[in-house]
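Biologist: Hi! Could you walk me through this model while I have it open?

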Amino acid sequence: MCRSIKTLRPPALPEEATEEEIRAAALQYVRKVSGFRAPAAHNQEVFDTAVEAVTDATRALLSGLEVRGASGRSTA
């Protein structure tokens, strides 16, 4: 997709990403997909809704990841 998207965490530390970093990554993703850095007023609500949805999905992804060898957890 885009090589410039920032990695939020090292592989062994999924809990290291802050809420601010998760939201910034979601905003970056929505900007990339929509093609807008800042949406027009008539698109603001759908843009913000998408950022929140991606933020929630990212948080769920990071909290659900199991990294082999980290904190006694293992991957499936």
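**Helix lengths and packing**

Modeller: Happy to, and keep in mind that this is a predicted model. Let's begin with α2: its 21 residues should span 30 Å at 1.5 Å a residue, and its end C-alpha atoms are 30 Å apart, which agrees.

Biologist: Nice. Which residues of α2 are buried?

Modeller: In α2 the buried ones are Phe47, Val51, Val54, Thr55, Thr58 and Leu62. They cover an arc of only 110° around the axis, which puts them on the same side of α2.

Biologist: Why would residues three or four places apart point the same way?

Modeller: An α-helix has 3.6 residues a turn, so residues at that spacing point the same way.

Biologist: And which exposed residues does the face turned away from the buried side of α2 carry?

Modeller: That face has Glu45, Val46, Ser63 and Gly64, which are exposed.

Biologist: Back to the buried side, then. What covers the buried residues of α2?

Modeller: The cover includes α1.

Biologist: Which residues make up the largest nonpolar core?

Modeller: There are five in that core: Ala26, Val30, Phe47, Val51 and Val54. The elements giving two or more residues to this core are α1 (19-34) and α2 (44-64). The largest share, three residues, comes from α2.

Biologist: Let me pick another spot. Where is Ala25, and is it buried or exposed?

Modeller: Ala25 lies in helix α1. Its relative accessibility is 17%, and the cut-off for buried is under 20%, so Ala25 counts as buried.

Biologist: How far is the C-alpha atom of Ala25 from that of Thr58?

Modeller: Those two C-alpha atoms are separated by 8.6 Å, while the residues are 33 apart along the chain. Thr58 is also one of the buried residues of α2.

Biologist: Switching to the whole chain: how many helices and strands does it have?

Modeller: Two helices and zero strands. Of the 76 residues in the chain, 22% are buried.

Biologist: Last one. What share of the contacts between residues at least 6 apart in sequence join residues at least 24 apart?

Modeller: For this chain that share is 57%.

Conventions: Residues numbered from 1 in each chain as written. Predicted model: local features only at pLDDT ≥ 70, side-chain atom pairs only at ≥ 80, totals over all residues. Heavy atoms only, no water. Helix = DSSP H or I, 4+ residues; strand = E, 2+ residues; numbered from the N terminus. Buried < 20%, exposed > 50% of the residue type's maximum accessible area, 1.4 Å probe, protein only. Contact = heavy atoms within 4.5 Å. Core = buried A, V, L, I, M, F, W, Y, C linked by side-chain atoms within 4.5 Å. Expected span 1.5 Å × (residues − 1). Arc of directions from axis to C-beta.
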